[in-house]
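Trainee: Could you take me through one part of this model with some care, namely the place where the two chains meet? I would like the answer as one connected account.

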Amino acid sequence: MDSREKVLDKYSSKIYKNRKEHVIQIEAGEPNVIAADTRAIPGIMTNRGCCYAGCKGVVIGPLKDVVQIVHGPIGCSYYAWGTRRNKGKGDENTKNFLEYCFSTDMQETDIVFGGEKKLKKAIKEAVEIFDPACIMIASTCPVGLIGDDIHAVAAEAEEMYNIKVVSFSCEGYKGVSQSGGHHIANNGLMKNVIGTGNAEHVNYSINLLGEYNIGGDGWEICRVLKRIGYNVVSVMTGDGSYAEIKNAHTADLNLVQCHRSINYIAEMLKTKYGTEWLKVNFIGIEGIKQSLRDVAAFFNDPALTAKTEAVIADEEDEIKEAISEYKAKLEGKTASIYVGGSRTHHYINLLKSLGVEVILAGYEFAHRDDYEGRQVLPLKMDADSKNIESITVEKDPDKYRTFHSEERIQELKDAGLPIESYDGLWADIADNAMITDDYNQFETEEFLKLLKPDIFFSGIKDKYIVQRSGVPSRQLHSYDYSGPYAGFKGALNFARDVTLAVNTPAFNLVQAPWKSEPTLIGNLGGME
Amino acid sequence: MLDVTPKKIAERSALRINPLKTCQPVGAMYAALGVHNCMPHSHGSQGCCSYHRMFLTRHFKDPAIAASSSFTEGASVFGGGSNLKTAIKNIFDLYDPDIIAVHTTCLSETIGDDLVTYITDAKIPEGKIVVHANTPSYVGSHITGFSSMITGLMHYLSQNTGEKNGKLALFPGFVNPGDMREMKKLMTLMGVAYTMLPDTSAVMDSPMTGEYTMYPKGGTTIADIKDLGNCELSLALGEITSTPPAESLESKCKVPFQTLPLPIGIELTDQFIMALNHFSKNEVPYAIEEERGQLVDILLDSHKYSQNKSVAIYGDPDTVLALAQFTLEMGMIPKYLVTGTPGKAFEEKATALFEKYGMEGCTAKGNADLFELHQWIKNDRVDLMIGGTHGKYVAKAEDIPLVRAGFPIVDRYVHSYLPLVGYKGGMRLAEMILNALMDRQDRDCADEDMEMIM
């Protein structure tokens, strides 16, 4: 029996039937198909979060100049308070609310008699104390159930205080994972924020989409982009702001980092404002180089292209020697990655460049295209995905602007530029690797025993489980409070951290000496 | 840091800013982890379970296991009965606990899921147990949830069989495994037979062995929870947290109870030791007397560094009250005491404490938040802050030293292994407080004033 069968075999027939579609082993040359984005099984310890976690926790959470009021009992707001490491910095013109946690702290009476009154009052108090330019409201499970109309409250407040007030119906029970929340958040930004600014167009302008500035990733990416000469209009949403995002329509090109969380927006921006989008990966040296060259190829300005090559050479030069030292220590190791809905894929080339092969991988909340590539779209809708709001946009006649003609775009696509396209995990994962979608603690433990990777990348809920089995573990959601891991300098940070993890001296101290040495020491027959 | 917090204090009645409490289920999950071979289960959407596991794992730096009913929209409309039944079957099949401790969420509470019926109807394997506690997040706080789960466990399991077991039932309060170990040490030294519920020691601070086990050695056993009904007396430590379970044990099994504050500092530990002494009739052994004498000695030696220093203490109600008493024993002024947990008891007890020590100008507030505390500090600062991690932003913004004590502490290591309770815990606290104050003196003084010996 192979590893896959060994693990699945321990399931009851009902779970087996469900999980067998989610656990596969990559076969070279085959069209590998996997089930994804389906309901988690009750009682199975999934690592997934909820719709609210995707909306407030991931997408709108990083917007620094927005007072984000979570309408609900206290817990939901509390857990999304400073826990995702989406760094942001205010300045003299930007009020920074990232260190704050706002909630209506609903009580039993609010559940019984409705919470709209309390929400209205909370908005009033927020306006009086902080005078923000924008307020966002995120609703939690009970709000959806009791039917508080947060959208009406938002509309009324917007008018009353003459500020932007945006509401998100992102109740936790919607959809099957946090993925639905990303969708709802992005729709909200599209409907209410993007395109409402009146900034002028600047040459070589870009938006960075699906980048949340975890551990400063976005800052490192923007540093390199700015060095080459690009104008970054907005980042969605790492260190992002309402002030910037409302002008996102003025960009020439959208770069998409985490496509799982934001490909919907990229599509809509193309339809409404004519902006093309390009899939990039700024994690891993090969990925960064390719992405920067793709962006340069899109703009096709010889000066920009030359500067791109000069910056690549310079940045790479700076880290080359140190990277090869780390590589010497990591060569031949194996890894397992289990995170998010794009990140697993993003890290494969970085690990490869350090000589580490990924033998076990999966996503928490991916859809099939994250594994199999964009060509599998459109996917069949099921009851759960139908519950997530879907919006359509139309061409904005005043703001629609194309950088290239359709013919030129086709030429670029034919030349291999990833315009409106992305590969799935299959494109980069090793043959025979084990893939498990939404993998749970049981599978984690079993695969650890069977495949024995040298390092395991996942999140906090697994971290100590893995470490207790003697396998070094690094969190890829929070980078274990290190980073940035994006960009050239980030690759070096990552190599350093992985080397530290696999060489932790304490792993050699796990066994106490009295476990392996005899307690009684004597000699035979009285001889010395 | 927290730059937009104004000095001017505005009355708020709807907007909670930077809360000092979280929701019931996380407390219930923590209590359930203190039961041997137990799988905590969150009945609701899976985000709650994920957040709670994340949060406990970050505080304890140890795995916090728990399963979820994984509601989607369908379950929210039609009820979570079938999700729970499926979950119970899957959990016993796959993770094989002795007991599943279900707590509800605001989702399942709002739709009115009837847990008693669901559990009665569920297929539970022979010899296995499922219990539940109602823990709506829109009532109380994580402290309430912790109490509710202890009560739930006893409601299902504890029996008065008519035969006393000679034991003391101890409700330790919302404390760390290190505190529970210290309480057990003191009870053993006092020759007291006891059952502690919950007991997260050897679960949330279990040792590294090179092998992961889902259920570590520790936790109160089911047999012991059943036998709680036969205890002679129950002792509830932390009156706000532990009185409700003690009352429920009395009403269900006729076990009389006594309540005491958390045994932090000298006088409150004295009270705990005296209660054990009355219970066991055993003399206090020298080992305990020695520790007490050491702590008093430390406080006398160091008084000049702590005396008249003002301190703001925030966190869970019983922890804050007991810490406040200890700072008073150190001669400090507990200028601001705040907790997020609602209820009048906190303010009443704090006021009584201020009166007892003749403190004027000190303020205590329940159902408060960190934003308000920050505004008070902006208007009239303190020399020291004591509390959990979330206060570090205020401490940095206002340049005030911070001693981490209580829950949650997600930005430091070791804290959950070592006690705050007992005389030993007092020594640890005294060291932390004095180090913070004396480090500050060293950092701020002129070069010529730097002292070698202090």
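Mentor: What follows is a description of the interface between the two chains.

This is a predicted model, in which local features need pLDDT of at least 70 and side-chain atom pairs count only at pLDDT 80 or more, whereas totals for chains, interfaces and linings use all residues. Residues are numbered from 1 along each chain as its sequence is written, chains are lettered from A and ligands numbered from 1 in the order in which they are written, and side-chain values use heavy atoms, with hydrogens and water left out.

The size of an interface is often given as the accessible area lost when the parts come together. Chain A and chain B bury about 6500 Å² between them, 63% of it on carbon and sulfur atoms, where buried area is the accessible area (1.4 Å probe) that two parts lose on being put together, summed over both. Of the area that chain A buries against chain B, 14% is supplied by Met45(A), Tyr79(A) and Arg468(A), more than by any other three residues. Counted by contact (heavy atoms within 4.5 Å), the interface takes 75 residues from chain A and 75 residues from chain B.

Turning to polar interactions, 33 residue pairs, both at pLDDT 80 or more, are in polar contact between chain A and chain B; such a contact is a pair of N or O atoms within 3.5 Å, one able to donate a hydrogen and the other to accept it within protein, and residues adjacent in sequence count only if both atoms are side-chain atoms. Three salt bridges cross the interface of chain A and chain B, a salt bridge being a side-chain nitrogen of Lys or Arg within 4 Å of a carboxyl oxygen of Asp or Glu. Asp105(A) forms a salt bridge with Arg16(B), with the closest N and O atoms 2.9 Å apart.

Among the elements that each supply at least two residues of the side of chain A that touches chain B are helix H6 (116–130), helix H19 (441–451) and strand S3 (102–103) of chain A; helices (H or I, at least four residues) and strands (E, at least two) are DSSP runs, numbered from the N terminus. The largest share of that side, seven residues, comes from H6(A), and its residues divide into 40 nonpolar, 20 polar and 15 charged.

S3(A) also pairs with strand S1 (residues 16–17) of chain B in the antiparallel sense over two bridges, pairing requiring that DSSP finds at least two bridges between the strands. Here Arg16(B), which forms the salt bridge with Asp105(A), is the bridge partner of Ser103(A).

Note on methods
Ala, Val, Leu, Ile, Met, Phe, Trp, Tyr, Cys and Pro count as nonpolar, Asp, Glu, Lys and Arg as charged, and the others, Gly among them, as polar.
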